[in-house]
Each structure stands twice: as C-alpha cells, then as structure tokens.
Amino acid sequence: MGLYKHSPDFGTYMNRREFVRTAGGAAGAAATLGAAGTAAAQEEGGGDGGQTAPDYGGYLDQVGNFSGPTSTVDATGQDTATVEVGVNANGGAYGFGPPAIHVDNGATVQFEWTGEGGGHNVKSDGDGPLDSGSTVASAGVNYEHTFENDGIYPYYCAPHEGLQMKGAIVVGEDYPTQTIGGGGPKEVNPHEAGVPIQPHYVGFGAGLAVIIPLIFTFFQLKYGESPHTSGGNN
C-alpha cells in the first residue's frame, strides 16, 4: 500500500478558497446592511405632492399678519376685490388686509383706508403699476387699480415700509409658484434629522463588522498555522 504524500500547498489552497468564499458572502452582507442604513437615513414626505402656492420671493416673510403663501386669499371669480389699508398689524394700524390676495386678470382691486394709523399710501415695489400718490389718512376707498397682466405685484406703504407694511396682488394664472410640503422620501442630513441618530450609522457599523473579521482571517492565513497544513509525515 502506497503512502499518501501531503502537499504543503494543499491546505493553503483550501484556506484561500474558503477565504474568497467568506469574503464574497461578507461583501454581500455589507451591501445589504449598507442599503438598510441608507434607508434609515431617509425621511418620509407627505406623499401627496405638496401644495402649490404663489412664490413671493420672501417679500412678505416679515409682514406681521402674513402667515405664509398658502394663506393667500382667493378672490378669483370676482370683478372687484377689496384690500383694507391700515389694519392692525406690525405693532399698530400698519398693515394691509389681506396682505396677499389672488384675483382674475381684468379684476379691479379697491384699496379701502380704515382711517387708522395716520397717513398711508400704496406704492409698487419696483416698476409695478400701483401708485396712489400722497399719503391719505381719511377712511374710505381712496385708490383702485384694474390689473390687465398676469403676475405677482408686490407693494408697500412708503411712510411705514420700515414697519413691514407690505402686500402683494397675485393676478391671473401665469405667475411664479412654489410647492410647499408633501413629496416622497428625501435624503436628510443625519445631524438635522428629528429621529434618533443611531440608525444613521447602521451602514458604518455593518462595514466594520465585516472588515474586522476579514482582516483577522487574512493574518491568520498568512502567519498562523492552518489545521490543513499541520501534521504530515515526520
């Protein structure tokens, strides 16, 4: 009966093959856990696409009686609409009411003074068409304008502009818009997310859990004694 001669490279070959197989499985596990970590770092939106609203470009952001673009008063379908001048806002009778209103193209907006807050006027911001002239303190409809072009028309009261006495008229259907709220899942900065921070490090932790055993196995194969290569004929 012949003697079996053990190849010193056989055990090493087997260990390398096992190592490659183990590394492949570990890489797959890392990819799966990494995807889970990414999903944990996402934040669900409303899923309804959000609400479309006029985009005022921040012009009304500091106005005391303005509560956001979605609060724009819808006066479409009317031939005339009224904006009060000198309503209680911004620390006194220094507001337009409503501060933002939407009318049809061809509609007339009447500005009705309340008689409060001293003298007021209506001036377009920039090159717009609104200009009521000198300040007026008496109550009543002291100015009106018929809009014939779509768009957004911001305006202010000259004496009280510093107090944020501002307003805007949205006309027609062709004007700048923005989407507020809603949408699908969106990526967020983990440091800004309003959820526990731990889920955002799932992928990182999974990577370490895979890499460390692979490094240990590599050094064991390279420098340690394998059970496949021990023994043999002495």
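UniProt positions are given in the numbering used here, feature names are shortened, and annotations may be inferred rather than shown by experiment. The views show a predicted model, in which local features need pLDDT of at least 70, side-chain atom pairs count only at pLDDT 80 or more, and totals for chains, interfaces and linings use all residues. Residues are numbered from 1 along each chain as its sequence is written, and side-chain values use heavy atoms, with hydrogens and water left out.

**View 1. The whole chain.** The chain has two helices and 13 strands; these are DSSP runs numbered from the N terminus, helices being H or I of at least four residues and strands E of at least two. Of its 234 residues, 31% count as buried (under 20% relative accessible area; exposed is over 50%, partly exposed in between; 1.4 Å probe, protein chains only). Among contacts (heavy atoms within 4.5 Å) with a separation of 6 or more, 71% are between residues 24 or more positions apart. The chain exposes about 13,800 Å², of which carbon and sulfur atoms supply 51% (Shrake-Rupley method, 1.4 Å probe; for residues, only the protein chains shown count as cover).

**View 2. The annotated binding site.** An unreviewed UniProt entry carries the annotation "binding site" for His120, Cys157, His160 and Met165. No two of their C-alpha atoms are more than 9.5 Å apart although they span 46 residues in sequence, so they gather at one spot.

**View 3. Histidine 160.** This residue lies in the loop between strand 10 (151-156) and strand 11 (166-171). Histidine 160 counts as buried because its relative accessibility is 12%. Beyond neighbours within four places in sequence, histidine 160 is in contact with Tyr94, Gly117, Gly119, His120 and Met165. Its side chain and that of histidine 120 are joined by a polar contact of 3.1 Å (a pair of N or O atoms within 3.5 Å; within protein, one must be able to donate a hydrogen and the other to accept it, and residues adjacent in sequence count only if both atoms are side-chain atoms).

**View 4. Methionine 165.** Methionine 165 also sits in the loop between strand 10 and strand 11. With a relative accessible area of 0%, methionine 165 is buried. Residues up to four places away in sequence aside, methionine 165 touches Val85, Gly86, Asn90, Tyr94, Gly95, Phe96, His120, Tyr156, Cys157 and His160.
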